[in-house]
Amino acid sequence: MSTELLTGWGRTAPSAAHVATVRCPADVAAALSAADGRGLLPRGLGRAYGDAAQNAGGAVLDMTGLTTPFELDTSSGLLRAAAGISLDTIMRHAVPTGWFVPVTPGTRQVTVGGAIAADIHGKNHHADGSFARHVRSMVLATPSGVVTTTPGEALFDATTGGMGLTGVVLEATIALMPVPSAFMMVDTERTADLDETLAAMTEGDTRYRYSVAWIDCLTPGRHLGRSVLTRGDHAGAEQLAGRRKTVDPFRFTPATRLSAPPWAPPGLLNRTTIRAFNEAWYRRAPKREVGAVHTISSFFHPLDGVRDWNRLYGRRGFLQYQMVVPFGAEETLRRAVTTLSSRRCPSFLGVLKAFGEASGGHLSFPVPGWTLALDMPVGDDTTGAVLDELDDMVAEAGGRVYLAKDSRLRPGLVPLMYPRLGEWREIRDSVDPGRVLRSDLARRLDLLEDK
Amino acid sequence: MNDALGQPQSVLVLGATSEIARAVVDRLVEGRARRVVLAARDEAGLGELAEGLRSKGVAVETTTFDASDPASTVAAVDTAFRSGDVDMALIAFGVLGDQLVDEHDPAAITRVVTVNFTAAAAAGVALADRMRAQGHGAIVVLSSVAGERPRRANFVYGSSKAGLDAFFQGLRDSLVGSGVQVTVVRPGFVHTRMTHGMKPAPLSTTPDAVAADVIAGAARGAHTVWSPGPLRFFMSALRHLPRGVFRRIPG
């Protein structure tokens with residue numbers, strides 16, 4: 001065990017914890033019984049942006065060493081995977097056999113345990129839901145013992161989206177998705193403003209398995225909310241015929257081509273450079289392009305090509321703000337985008353997407369509606385106040401912000417945004433009455449109890 | 001916890017009735033602070049402050065201590081951690097003393113140095129140990145430009161602040177990797193009760209302006225904060241003046 005300073009992917013609010021590497025389930029049981037008043041928390045690859053995988057002064061279990069079992073049944077597509085296995089590992093093994101992860105976020109560098117704890121979503125949420133929907137069972141080590149839990153059970157729903165606070169996932173059985181190739185057929189179009197973006201998504205999303213819009217929240221005026229809409233599906237072998245003749249249709253060899261420098265000057269990414277980037281991104285996209293062939297990594301995980309890109313934000317780091325408002329609250333979405341633009345809040349290309357049905361997770365983020373995610377550097381004077389305003393708008397509209405990305409929400413808003421919090425606490429306490437499972441996120445937002 | 005923007009939720013103030021401390025607390029409760037532990041010598045003053053903060057919905061605890069007794073200062077630190085984590089601790093107590101009396105009175109000079117240096121350093125190590133154990137926290141200490149180069153007119157006060165400044169700069173380095181940060185604030189001439197009737201020095205400032213600099217500095221994890229900022233360059237110039245010239249500066 002060693003004391004390490006940990007942060008999330010945004011590199012803000014560091015805290016020190018006693019980090020222990022887990023190699024087998026017995027290590028978890030031992031750590032659970034040895035935990036003191038500062039508690040214990042599992043951590044995967046640290047891709048949560050804020051403090052969700054930190055436990056100041058307590059124990060943190062590095063789960064990336066727990067890599068067995070890892071068994072794929074290539075006839076049924078059922079995968080049995082240890083909590084520490086990453087989606088990257090799964091894809092490298094499964095894609096050449098014709099199977100794909102049912103849900104992938106913008107990075108492959110997340111573990112199975114982390115994917116469950118955050119109940120992650122991807123560009124196919126409107127069609128396929130979040131990660132929890134594809135989990136057939138999981139084995140959870142709680143302070144009151146090891147249990148197997150399956151969909152429909154209260155503990156399953158408390159754990160999917162439960163931010164690692166119901167126990168330590170040891171392994172899960174996940175239903176993978178059959179794919180006809182390792183390539184994507186992608187349609188791209190540019191929209192002129194927010195209305196056009198929403199209309200295009202409302203009208204056309206059902207024709208695509210994957211859909212997302214990169215939205216510019218800095219350009220004011222009549223082009224407010226202009227977007228690059230990319231939608232697609234896995235390419236069939238017949239669609240690739242004649243276009244990628246020489247390549248094995250199931251070839252999947254993503255590579256990291258670049259690495260961010262270890263140090264970037266503070267303020268490199270500021271209002272001016274971000275606006276220039278947003279402009280360039282919009283301009284370089286084709287006005288309308290149909291049936292372009294992309295690789296899995298270029299379509300889903302463009303930033304995985306740059307190692308440690310989070311360092312580009314400099315010493316103070318950055319935060320990601322992701323919220324969802326229900327369908328019908330488009331006016332709130334418009335006010336949010338207008339506020340960001342008129343207050344000149346430096347925000348990188350946002351991601352706008354329509355969510356489909358919610359999973360049953362008590363604290364699971366996705367609910368039917370519009371979700372908007374934005375990256376912002378820390379250090380600009382306006383950011384805190386603008387995001388507080390957005391929180392109020394979102395809560396009032398019956399929406400919520402994503403706990404896996406949060407690093408600055410006010411605790412009082414959590415019960416409004418997550419009305420099943422009380423129910424979750426009861427189930428959580430039933431398996432962890434001594435409140436062993438703790439995190440900085442839980443302390444900051446009073447997730448375990450009201451203060 | 002401190003959030004991504006460096007805003008604390010739980011705050012301890014040693015020397016809570018000082019005007020700079022009050023201005024800092026007023027600003028912090030506008031942000032994320034919701035639990036404040038106020039410690040000072042003056043019980044009545046504490047009660048009044050606590051009342052005001054409670055009316056804003058802040059959970060307030062008060063405890064008295066006397067910085068001329070370093071043990072009581074450490075006891076105040078212990079009290080604050082009894083009911084939970086402290087995200088930020090502000091060390092704001094100090095005495096100006098009376099240079100012309102102090103330089104002839106060993107008892108008086110002992111008092112100035114005990115309050116300004118010994119009690120602050122004792123509180124500093126107590127805070128460092130507590131915060132290291134909780135794995136996070138920010139210690140903010142009010143030093144003074146007077147510690148930058150001792151002057152004929154106030155070298156008793158200045159030397160006590162110089163010692164405090166050096167101690168906390170070193171403490172900061174000892175805490176690297178622990179999750180605990182230390183910020184040393186060097187205000188210039190601040191218009192307060194302590195300086196009432198004195199002739200303002202160049203670049204004089206107000207408690208509220210210092211408070212804004214304190215909070216911004218701690219949020220960005222600065223090791224040293226000058227308030228106002230340009231003092232850094234002004235004092236750098238003064239520090240490099242030949243001694244004979246420096247000694248003749250009036251005031």
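These legends walk you through close-up views of a predicted model.

**View 1. Chain B meets chain A.** Let's start with the contact between the two chains, to which chain B gives 18 residues and chain A gives 25 residues. Together the chains bury about 1,700 Å², with 54% of that area on carbon and sulfur atoms. Look for A4(B), L5(B) and R32(B): these supply 33% of the area that chain B buries against chain A, more than any other three residues.

**View 2. A salt bridge between D388(A) and R32(B)**. Here the two side chains come together at 2.7 Å, N to O. Between chain B and chain A the count is three salt bridges, and eleven residue pairs are in polar contact, both residues at pLDDT 80 or more. On the side of chain B that touches chain A you will find five nonpolar, eight polar and five charged residues.

**View 3. An open sheet of five strands in chain A**. Reading across the sheet, the strand order is 5-6-10-8-9, and the pairing is antiparallel. Strand 5 (70-72) and strand 9 (145-149) of chain A each have a single partner strand because they stand at the edges, so one side of each is left without a neighbour in the sheet. On average, neighbouring strands of this sheet are turned by 10° against each other, direction ignored.

**View 4. Strand 6 alongside strand 10 of chain A**. Moving in on this pair, strand 6 (residues 78-82) and strand 10 (residues 168-175) of chain A run antiparallel and are joined by five bridges. A handy place to begin is L78(A), which stands opposite A175(A) in strand 10 of chain A.

Note on methods. Residues numbered from 1 in each chain as written. Chains lettered and ligands numbered in written order. Predicted model: local features only at pLDDT ≥ 70, side-chain atom pairs only at ≥ 80, totals over all residues. Heavy atoms only, no water. Contact = heavy atoms within 4.5 Å. Buried area = accessible area lost by both parts, 1.4 Å probe. Salt bridge = Lys/Arg side-chain N within 4 Å of Asp/Glu carboxyl O. Polar contact = N/O pair within 3.5 Å; in protein donor to acceptor, adjacent residues only side chain to side chain. Nonpolar A, V, L, I, M, F, W, Y, C, P; charged D, E, K, R; others polar. Pairing = 2+ DSSP bridges. Helix = DSSP H or I, 4+ residues; strand = E, 2+ residues; numbered from the N terminus. Axes fitted to C-alpha atoms, helices over the stretch in contact; angles between N-to-C directions.
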